[in-house]
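Subject: A structure for you to look at

Hi there,

Here is the structure I promised to pass on.

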Protein chains: 10
Amino acid sequence: MPERNDIENLSHLGQEETSYTFHYDSSLLETFENGHPNRDYFVKFNCPEFTTLCPKTGQPDFAALYISYIPEVHMVESKSLKLYLFSFRNHGGFHEDAINTIVNDLVELMNPRYLEVLGRFTPRGGISIDPYANYGRPGTKYEQMAETRLLYHDMYPENINNR
Amino acid sequence: MPERNDIENLSHLGQEETSYTFHYDSSLLETFENGHPNRDYFVKFNCPEFTTLCPKTGQPDFAALYISYIPEVHMVESKSLKLYLFSFRNHGGFHEDAINTIVNDLVELMNPRYLEVLGRFTPRGGISIDPYANYGRPGTKYEQMAETRLLYHDMYPENINNR
Amino acid sequence: MPERNDIENLSHLGQEETSYTFHYDSSLLETFENGHPNRDYFVKFNCPEFTTLCPKTGQPDFAALYISYIPEVHMVESKSLKLYLFSFRNHGGFHEDAINTIVNDLVELMNPRYLEVLGRFTPRGGISIDPYANYGRPGTKYEQMAETRLLYHDMYPENINNR
Amino acid sequence: MPERNDIENLSHLGQEETSYTFHYDSSLLETFENGHPNRDYFVKFNCPEFTTLCPKTGQPDFAALYISYIPEVHMVESKSLKLYLFSFRNHGGFHEDAINTIVNDLVELMNPRYLEVLGRFTPRGGISIDPYANYGRPGTKYEQMAETRLLYHDMYPENINNR
Amino acid sequence: MPERNDIENLSHLGQEETSYTFHYDSSLLETFENGHPNRDYFVKFNCPEFTTLCPKTGQPDFAALYISYIPEVHMVESKSLKLYLFSFRNHGGFHEDAINTIVNDLVELMNPRYLEVLGRFTPRGGISIDPYANYGRPGTKYEQMAETRLLYHDMYPENINNR
Amino acid sequence: MPERNDIENLSHLGQEETSYTFHYDSSLLETFENGHPNRDYFVKFNCPEFTTLCPKTGQPDFAALYISYIPEVHMVESKSLKLYLFSFRNHGGFHEDAINTIVNDLVELMNPRYLEVLGRFTPRGGISIDPYANYGRPGTKYEQMAETRLLYHDMYPENINNR
Amino acid sequence: MPERNDIENLSHLGQEETSYTFHYDSSLLETFENGHPNRDYFVKFNCPEFTTLCPKTGQPDFAALYISYIPEVHMVESKSLKLYLFSFRNHGGFHEDAINTIVNDLVELMNPRYLEVLGRFTPRGGISIDPYANYGRPGTKYEQMAETRLLYHDMYPENINNR
Amino acid sequence: MPERNDIENLSHLGQEETSYTFHYDSSLLETFENGHPNRDYFVKFNCPEFTTLCPKTGQPDFAALYISYIPEVHMVESKSLKLYLFSFRNHGGFHEDAINTIVNDLVELMNPRYLEVLGRFTPRGGISIDPYANYGRPGTKYEQMAETRLLYHDMYPENINNR
Amino acid sequence: MPERNDIENLSHLGQEETSYTFHYDSSLLETFENGHPNRDYFVKFNCPEFTTLCPKTGQPDFAALYISYIPEVHMVESKSLKLYLFSFRNHGGFHEDAINTIVNDLVELMNPRYLEVLGRFTPRGGISIDPYANYGRPGTKYEQMAETRLLYHDMYPENINNR
Amino acid sequence: MPERNDIENLSHLGQEETSYTFHYDSSLLETFENGHPNRDYFVKFNCPEFTTLCPKTGQPDFAALYISYIPEVHMVESKSLKLYLFSFRNHGGFHEDAINTIVNDLVELMNPRYLEVLGRFTPRGGISIDPYANYGRPGTKYEQMAETRLLYHDMYPENINNR
Ligand SMILES: [Ca+2]
Ligand SMILES: [Ca+2]
Ligand SMILES: [Ca+2]
Ligand SMILES: [Ca+2]
Ligand SMILES: [Ca+2]
Ligand SMILES: [Ca+2]
Ligand SMILES: [Ca+2]
Ligand SMILES: [Ca+2]
Ligand SMILES: [Ca+2]
Ligand SMILES: [Ca+2]
Ligand SMILES: [Ca+2]
Ligand SMILES: [Ca+2]
Ligand SMILES: [Ca+2]
Ligand SMILES: [Ca+2]
Ligand SMILES: [Ca+2]
Ligand SMILES: [Ca+2]
């Protein structure tokens, strides 16, 4: 297995006195270097503890987020991702804005080949909302990949009975 | 994250004295502006509390609706969608008419790039009915998208035992 | 198997032009005679399509009801039970009032040895409510049965994630 | 393991030209001898393929039956039980009559220490019915066993959504 | 929503004295007119209460049927479909013959653009059989659709443990 | 059904401009009057959106809470319960302290006959914690009820694999 | 429905004195004639009771087999398939050899258009093995079908926790 | 943790050249010494790979066995238990005879305080059989334990649909 | 909510440079003070990542542990519990020895009123083992509680198919 | 079925005194010869007992691995695969490094036509990570196969709630 020389640069991982920020702050995100840049492969983060505030009513919304990407040079470090997602906690925003913002921030951070974010929010008024957005690097085959995956997105909607 | 200036125009969201209409009324639907019009992305509404009346027998029918779309300029506001769906409550209609009507109303409202509606109804006489209809804007790649998604629709029918 | 002579007296079962009432009306309930009065046994009705209106906000609430009882002389006919439950459709009432009302009406109708009603309602504002009430004929062992079943009610709350 | 001498007396098991009777006939039931009469133990039959006709409307009803008992001398042979249950196929009867009839027939056949029958029927008109009846030999501790099992019957009604 | 003028022509729906035929009779099937002929959309019937007789042994077989189609002018009325499926009840036939017969009858009845039937039968001797057949109108793109859906049919066989 | 005269006194239900407090405040709780005080019955609240902060690390914890009680005179209003639970959002506390605090606050508020609170928290470091506390009014049979329910609490721990 | 004239030729179906062979014997397989040779359709056999012996250690292995095919002229009779699969019972063989052998034997027997076999074996030493092999008639479109189905085989591996 | 001195006496565990016997042989069972004889505790074996032959038809039957006991001095070693269960593989016996035989053999082997065996067999002819037998050492409180556990056995029969 | 003064004494919680010990060491366990000593309540730890070594073969075994207790003065701190459980990682021991050792260590550490430990291990050779042990403080009602919970332990063995 | 001549060369299978290495060692892997080299087919290993150490914090991580491949000449022997995976037990490495290393080692060992590895890890800090990497032999159609399977990888992320 390859030796990792860059883990010492990570400021959050294994840090004792982590301070949690609860207002949106994309500067919390950190990266390390991909050890396998010549191979296309996926990394998925399952993040079931996402919460934010409704911009109109101020009440909390809850979601599970699923973030998948194909790295090139930079990879987002998972503890910094956790802190970044916690920074939405007291921030107001619509469901689809949160998902698009996360796509934009992670694309800017990592310049990945491909990336997608799915949110499954808990219901408000008997209806729940699941936004999904993705990105493929423009001018590459990954741009077409994004289009193809959007084309076939969620053709089997899970059964939801609000119980 | 982008600032939203248009949420003040929504007449239902956070409204105290919401009045519920129980006869079909598509004018209940309201929109707000898509903050990410340059990106194709999906928004899905899970609506498990849909109910209408059988036009012949007058007895209630129940369904879970799943509405997915790719917005362009306009997006349906979720509380107005809830009121619109409640307006079917005392209205008579066949299952597939309800689904096609919802597709037509939402297409007219939002002029989306793509939209689909799936209904899973509870059984009557030992048989349940699941209609599915979709729409892609004519003359665009989304028209082909609708055809492709219909082609591959529901190739894994869920096991139903009426229990 | 015993011959049933009383099914001709049932006014709803197999009736062509059933008319549905959507305002609370306990007179819709009908009974037939228990063919096995010397044996204590249970009959359970699973009723997943119960809906009523919130008395304050006017919006629909949805629930699955589970009604179980030990008959003596009279048994509630299932189609009349359906019509009775539909009569709550446009009626306003709190969750626990609906369940207690159903207990009271069915006890008055059938004078059963034992009866219980459980409701599982869909969430409002992120919280769902499950009322449970039961009845044992006073002065009999069934009164103690009701107390025992309440004592051990729902010691394994089902996992609810609002998805 | 004990040698079984009585399996040659079974007329149905392994029989080539089984003829199936589709009208109620309890004489189809056959027994063999319990090889372990000094031990109280349970045998349960899971019978998911039960069907009968509604006495009023003539339409088929479907159920899964669960039959459990503690044998003394006689045990019901499973293929004869299958033939007996098939004999309800074109017979009319209410749900609770079928369950009580099966209890009565099996008690008469085997004179067991304890026996119970549960039916889970598919819904008609949005409501499904689950009857449960049991028996303990009168004047023995099994009579008290039947009462205790009825007392605690089905305190966790399964979630039914008619899908 | 469109007004339906043709529901008066349906002879089974809401009929009081429905008589059930238990020998195969495709003339029971009735149609009504598709209100949305310009849109390709799917209607699926979940039919978990199918039963027929084994032509060799005479014993009942049980299955859940899943029927999906894209209508053009005619749509099968669901209560007539129920009666038609019940007419297999005392009819003998192999599993795959039943499924092919249903495809043929429904194609002849409706002349649909596309249609498919899946059966999931309960096991006999430790093995269960699931036939699947489909149809696309010859000489149209739906013929190719049928071929494509057959090509990708059931690539994820569900886990079956016979329990 | 009984008329409710007290719903006008509820300050939160149906309120337009709800303001959410995110620091612990038990004064948010409100009650209404039990309409069925002569019957012992259960009301359960399923609350899957509970979140608080770890007092040591400051990071958010998430839980589903299940609150069940038998009312006497006062019943907690569900929207006020929601606001009360939201008030833990930015408050620090150990898992078992939160559950005991909720028991204490609800007992003081309602003086119920019986009450219990179960929390199912998401894991930290590969271990998740599920506290459970209950209360029966001292000197009554409900005190014994609390002891009995604790005695038999959770004898079937659900399978947890942290996925 | 078509009349079947060939069921009299089947030597196993409905046979009283079936003798079971427990050493591999492909001559047990029998066929009947496909009644629908002009239509491409699938028949799937779910066979959860497969067992064989490890050639090295001699201990039993267990699997569920899933066999799917598109018939042309000949179809394998299900009881003969059961006997054939039982013939592996005391035979030694690696998992993937068993699956390939079954493919070869059934192809030789039926000369089908397409055929595939999936095995899900129980674990040995904490690891379970799932072999999958398929066949399309060479020089036809079914050869390409086999390649396509292999290309997309099992892209959603089921969660296995060995419990 | 206590040191184990007796594991060297086990003849099967870790043995290279294990030979498997496929005819019933209770002498395969071996024991080791309980390290915690002063505490009553349970050990459960989950054995999903049990198979035997029908004494009448000769065809294989399959079951999952669940064996639970409270040890005193001797504990059955799990590999020897595996070999013992494999020895039923080519042996004929009724379902309830197998379960009673296993109870008898393990009681004789270990002289446990308490022991129980449950079998869940796969269906034959649409019906599956689940025998359950238990044992408590006569003249001790464990005899009463066996009676109590039989009294409350399987009050929630699992849903079986033969799929 | 009560203030906690003792969290500063915990040496592991929030510690930066945690060192993990992989050989059994019960001195890793730490406690804090129960803030609610006058109430009997349960705390459960779900620990799905337990692993140890087989003392005979040296190969890893895996289990999910479920630890429940009623505290009096001392409560085990969850991060120290994690470290303690990790210390079994390279330690050899039989399944039931591990469970009994954990009971003994936690009883000595906390002197709780009641405590129980359940292990669900992954299978070896097709059989999995689930030990369960509990403790009630001798001479108190909790001793009887332990006996009662053992009496009713696991009367519904979960279905295990080794997949 | 084909005779296997090469199983004698396997050094681990059926070996009595297996010694387990807990530091990464790819030389543990062994192969045997594919008996069906002319057919493309899949073999999948389900490996739910994978564990390694975090390179930064030293704490154990846990995962289920799913390894699928199409063999040509060489096939990895499953017991040697088990030993190889155990060799990660005390080795430090990031999740995605482990998965890429396993891909590299198995490709070097077997020179397969196609191979893929999926890992599902348990959460750390509320987030779990699922890496997926694959390989198709360069310059063949399998290289395109790898690209296609990556393109469609995991379009239905499973619901994760960390419970
Ligand atoms: Ca839900
Ligand atoms: Ca539910
Ligand atoms: Ca259902
Ligand atoms: Ca069910
Ligand atoms: Ca649960
Ligand atoms: Ca969900
Ligand atoms: Ca469903
Ligand atoms: Ca099943
Ligand atoms: Ca099962
Ligand atoms: Ca999964
Ligand atoms: Ca499990
Ligand atoms: Ca199924
Ligand atoms: Ca499993
Ligand atoms: Ca499985
Ligand atoms: Ca989870
Ligand atoms: Ca889980």
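How many salt bridges are there between chain F and chain C? The count is three, where a salt bridge is a side-chain nitrogen of Lys or Arg within 4 Å of a carboxyl oxygen of Asp or Glu. In one of them, F:Lys44 pairs with C:Asp154, with 3.0 Å between the closest N and O atoms.

Before you go further: this is a predicted model, in which local features need pLDDT of at least 70 and side-chain atom pairs count only at pLDDT 80 or more, while totals for chains, interfaces and linings use all residues. Residues are numbered from 1 along each chain as its sequence is written, chains are lettered from A and ligands numbered from 1 in the order in which they are written, and side-chain values use heavy atoms, leaving out hydrogens and water.

Now for the interface as a whole. On chain F, 42 residues are in contact (heavy atoms within 4.5 Å) with 40 residues of chain C. Together the two chains bury about 3,600 Å², 57% of it on carbon and sulfur atoms; buried area is the accessible area (1.4 Å probe) lost on putting two parts together, summed over both.

Strands matter here too (DSSP runs of at least two residues, numbered from the N terminus). Strand E6 of chain C, residues 128–136, runs antiparallel to E2(F) and is joined to E2(F) by six bridges; two strands pair if DSSP finds at least two bridges between them. Within E2(F), F:Asn46 is the bridge partner of C:Ser128.

Enjoy exploring!

Definitions and conventions: Helices (H or I, at least four residues) and strands (E, at least two) are DSSP runs, numbered from the N terminus.
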